[in-house]
Amino acid sequence: MISNKQILLLTSLLIFSAASILFSLLSGSVDITLAEIAGSILSAETNLNSQVLHQIRIPRIQAAFVTGGLLALSGAIMQVLLRNPLADPYILGISGGAAVGALSAILLGASGFWLSNAAFAGALFSIFLVFGIANKFGDWSVTRLLLTGVVVSAGWGAVINILLTTSSTNNVQSMLFWLMGDLSQSRVNLAHYLLLIAGLAGGLLLSRSLNVFIRGELLAVSLGVNVQALRLLLFFSASVFTATAVTIAGSVGFVGLIVPHMLRLLGARDHRFLIPSCILLGGSFLVLADSLARTIVAPQQLPVGVVTAVIGVPAFILILRSTIRK
Amino acid sequence: MATLHIQSLTLEVAKKTLCRDLNLQIQQNESWCLLGRNGAGKTTLLHSLIKQRVIDEGSVLLDGTDIADLKQRELARKIGILFQQGIEALPATVFETVMLGRHPHLQSLLLDNEKDIEIAEQALAVFELDSLKARPVDTLSGGELQRLALALLLAQAPEIFLLDEPSNHLDVAFQIKLLTVLTDKVREASASLIMATHDINLASRFCDNIILLLEGGEALVGKCSDVLTEENLSKAYGCPIQSVHSGEHRLFYPA
């Protein structure tokens, strides 16, 4: 049933999203006023400030929002699929595979287009590797999938360490930024938006089945959910969302783990609310974190992954405390 | 209303045959009990009827259609099951949980239908859970959870009710009360019922027909009045069982 609480939550998240985007438009090394923002969006006039807006801030906000939305969505799905509250988008080794791809590309001197492609290829390879191993004996149980993912992930971790320790100092700097998640070079295009919208639509279509599935596989079967097909769909969709997110921004930590938990603690357990809420809070959370990442130590920039943890940890603990008191 | 036709069904677990060449037909308004020792295959048999488990040989026909050819959702509209493990205690509310029972039926995508809400509320009322509607499931007692699981099954409104140990966690008064309510509802809806239990007396009181699983995959199938005898029970359980008459009931006890 739709409660007023849930409508209130969704409305607050919409307002929070708008506010975080506005905050991000206003923050940066160049002071741009509200009037200038309105002016530069409404008119075609090109001055320095409107160039900063159109070429730096707006693309970066878009990248942050899409990445955050995809990560939170993927995290929520992984937590349902693996029936494990510790699950996050990276638990099955997708980011590890992407990292090895990206770091190898950096080692070979690639950037931009080739770096992204190498990361995406690494992520895809890891997805099929994990699925292939877990699926080897026909029936893939969730436990086997989880164990395979964790082991493959550890394997990637070793390769990452080898790459880090054998690279030159210059490369290591770029590698660390990629590993922590960084939006300074990130751009999104129409395909990324379409993927996020498909995730929202698909998530809403499946939300009732997810509500049943999370209560136990046996119960889900008895209530008519095709559990085998659902698990496959969840695994591959969450994997593609994660692979896309890490390709855009590197492995930004924390968003995919805590955003779904925060929302559940705030009362959005029903997936009909959790799915859209995840996209809104994940997106706006990363927009906010990225505004801070590029302003706190300006003109230096921090990797956004550091900021997500710095504001995410206390925010999560606060919410956890306040819900326990009830 | 649904008929269930079990044809030459063979089920095996870890190379042990639980039932071999089982044949029976369950018509509407019939109530069946399923008895047998621990590990005799009661739960396995029930699970095979909802495709939770592969059928090794034979087939199960629901209204003439092999269940293997039915979608899980179509099956769930006709056959509902109460699991032995009951419902997992998660921080969802009682009402949210009982609404899950409506899942197999056509629901609107995002909003809940008035009709589904009404059915769910009625199911809660039947098992006296209406006052607990907003309670998180993880704060319920074992007995309340079991009543919730039964309410969920009632909201699902299947035509065949499978019950795996329905008297789990229930005190004697609730056992009788809930089974009376449930069998009344089943009769009202012209549905049918199969109940796996260890309580021979509960079975003989509420069921007219019996599947008695024996060692080695054999089974005795028939009317309770014919099959439920001291001799058959002693054989099935591997321990001497005797009976006494008390009023209209016959009570069995281990000698």
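Colleague: Where in chain B is the place of B:Leu193?

Modeller: In this predicted model, B:Leu193 belongs to strand 8, residues 192-196 of chain B.

Colleague: Why is B:Leu193 called buried?

Modeller: The relative accessibility of B:Leu193 is 1%. Buried means under 20%, so B:Leu193 counts as buried.

Colleague: Which residues does B:Leu193 touch, not counting those up to four places away in sequence?

Modeller: Among them are B:Glu30, B:Ser31, B:Trp32, B:Phe161 and B:Cys207. A contact needs heavy atoms within 4.5 Å.

Colleague: What share of the contacts in chain B, between residues at least 6 apart in sequence, joins residues at least 24 apart?

Modeller: That share is 64%. Of the 255 residues of chain B, 51% count as buried.

Colleague: How many helices and strands does chain B have?

Modeller: Chain B has 9 helices and 12 strands.

Colleague: Why is chain B said to be as compact as a globular protein of that length?

Modeller: The radius of gyration of chain B is 18 Å, and the globule rule gives 18 Å for 255 residues. The two values are close, so chain B is as compact as a globular protein of that length. Along its principal axes, the C-alpha trace of chain B spans about 55 × 45 × 35 Å.

Colleague: How many positive and negative side chains does chain B have?

Modeller: There are 23 positive and 34 negative side chains in chain B, and the centres of these two sets lie 2 Å apart.

Colleague: How many aromatic pairs are found over all chains?

Modeller: The search of the whole structure finds 6.

Colleague: What makes the pair of A:Phe113 and A:Trp114 edge-to-face?

Modeller: The ring centres of A:Phe113 and A:Trp114 are 5.1 Å apart, and their planes are at 80 degrees. Pairing needs centres within 6.5 Å, and edge-to-face needs planes over 60 degrees apart, so this pair is edge-to-face. Both A:Phe113 and A:Trp114 are exposed.

Colleague: Why are A:Phe125 and A:Trp156 called an edge-to-face pair?

Modeller: Their ring centres lie 6.1 Å apart and their planes are at 70 degrees, so the pair is edge-to-face. The pair links distant parts of the chain, with A:Phe125 in helix 5 and A:Trp156 in helix 6 of chain A, 31 residues apart.

Colleague: How do you know that A:Trp156 is buried?

Modeller: A:Trp156 has a relative accessible area of 13%. The cut-off is under 20%, so A:Trp156 is buried.

Technical notes: Residues numbered from 1 in each chain as written. Chains lettered and ligands numbered in written order. Heavy atoms only, no water. Helix = DSSP H or I, 4+ residues; strand = E, 2+ residues; numbered from the N terminus. Rg over C-alpha atoms; globule rule 2.2 N^0.38 Å. Buried < 20%, exposed > 50% of the residue type's maximum accessible area, 1.4 Å probe, protein only. Lys, Arg positive; Asp, Glu negative; His and termini not counted. Charge placed at Lys NZ, Arg CZ, Asp CG, Glu CD. Phe/Tyr/Trp six-rings, centres within 6.5 Å; stacked < 30°, edge-to-face > 60°.
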